[in-house]
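Hi,

Here is the structure I promised to pass on.

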Amino acid sequence: MGALNRRHLLGAGAAGALTLAGCGGGSGTTAATTATTGAPVPAGLPGAPDDGAVLAFMLGLEHLQADMYTRMQPAVRGTELDLVKQLAGQEGEHIGKLTDELRRLRHPEPKPRTFKAVPGDRDGALAFAYRVENLVASAYLGQIGRIVDDGALSTMLSIQTVEGRHAAAVGALRTKTATPDGAVAAGQNMATVERVLAELGA
Amino acid sequence: MNRRALLIGGAALALAPRATIARAAGPLDYLVELEALQVAVYDLATQLPLTGQPAALAGRYRNHENEHLQRVSQALHVQPPAVAPPKFTDESGFLAFAQRVEGLAVSAYNGAIPTIGDHGLRAELAAIVQTEARHSAAIRALRATSPSPRGFEPGAAAAPVQRALAALQG
């Protein structure tokens, strides 16, 4: 075997070891799997998944939603106010859970984010909330396939469906569709989410 | 010795297929059965004399569930099974049944996805479960119950999901 071929195989072996480490996915609480298709770049390489960074990004979004629901409460009343308070409470729960996860992963917590302004009228506030909730649901979905750690994945899943519910709930108050993407929800990457947030004044 | 191990590892990688079958540790056939049941629910609902939002919702969600059934059965390489037809005869019965099935679907997917090693398949099923959660919320809103009753939706293991699925078809 020539030197070049040997070096090629040595490189492939090392890459294989890294790939297996990446597929192992941290805590290993779930049963063994056989699949490799679509696995992310192994941890430690450029472009590799970073569960802590993803959770920190999501925590920033949760802070924004909590801020939004607090500030829009004067714009709604009755059962709509009850719903807004309930959703605010759930966003607060998400903040607590994500903060705990970041501490478990020994990742720094981001500073809480706020919106520059939230519409003060009922229709404007609900339209704003509908847009934000759909954006946040798409942000969670956009990262699910990149998560490696089992605990982080379960947390992301258990929140992303709730954010989808929130979007549908707010939409129902404005007779907007619960499923703006149709049969299959669309995920968005962080850069796209940040661009929309900038438009929304985050 | 190390060099030898790496050479063997490299050779094994070269021989391995680029893409292995995207299956989880345990069979996920029940997800396909769940989608088939949802199709049956909305199929039956569209045959009822519904009006207004329930009628619009039944038609739209039937199309969604048909697409889910096709996607999930293909992704998991599982043929859609025959399911027992749901037993409701009016709008109230339809919405109550649909709420139960949609809620079960959210728990089922959220429990199944972490057992899957294929990250692409995880994302595909996550996109479907978010839609199921949105369906559930819209139906709950129509029934004047909280569209988002809990702050978190942990997944359910296969066995309780399969029991609930059997009960719904009992």
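By a contact I mean heavy atoms within 4.5 Å of each other. Keep in mind that this is a predicted model. With that in hand, chain A looks like this: among its contacts with a separation of 6 or more, 82% join residues 24 or more positions apart.

Of its 202 residues, 50% count as buried. Chain A exposes about 8900 Å², and 56% of that comes from carbon and sulfur atoms.

One residue I'd point you to is Asp67(A), which sits in helix α2 (residues 51-72) of chain A. Asp67(A) counts as buried because its relative accessibility is 13%, and the cut-off is under 20%. Its side chain reaches the backbone nitrogen of Phe115(A) at 2.9 Å. Beyond its neighbours within four places in sequence, Asp67(A) is in contact with Arg113(A), Thr114(A) and Phe115(A).

Then there's the second largest pocket, with about 290 Å³ of space. Its lining has 14 residues, and those nearest the centre are Lys176(A), Gln53(B), Leu57(B), Arg60(B) and Ala138(B). The elements giving two or more residues to this lining are α5 (150-173) of chain A, plus α3 (52-76) and α5 (119-142) of chain B. α3(B) gives the most, with 5 residues. By type, the lining splits into 9 nonpolar, 3 polar and 2 charged residues.

Cheers

Definitions and conventions
Residues are numbered from 1 along each chain as its sequence is written. Chains are lettered from A and ligands numbered from 1 in the order in which they are written. This is a predicted model: local features need pLDDT of at least 70, side-chain atom pairs count only at pLDDT 80 or more; totals for chains, interfaces and linings use all residues. Side-chain values use heavy atoms; hydrogens and water are left out. Buried means under 20% relative accessible area, exposed over 50%, partly exposed in between (1.4 Å probe, protein chains only). Accessible areas come from the Shrake-Rupley method with a 1.4 Å probe; for residues, only the protein chains shown count as cover. Helices (H or I, at least four residues) and strands (E, at least two) are DSSP runs, numbered from the N terminus. A polar contact is a pair of N or O atoms within 3.5 Å; within protein, one must be able to donate a hydrogen and the other to accept it, and residues adjacent in sequence count only if both atoms are side-chain atoms. On a 1 Å grid over the protein atoms alone, a cavity is a set of points where a 1.4 Å probe fits but cannot get out, and a pocket is an open set with protein on both sides within 12 Å along at least five of seven lines; lining residues have an atom within 4 Å of a point. Grid points are joined across faces, edges and corners, and a volume is the space filled by probe spheres set on the points. Ala, Val, Leu, Ile, Met, Phe, Trp, Tyr, Cys and Pro count as nonpolar, Asp, Glu, Lys and Arg as charged, and the others, Gly among them, as polar.
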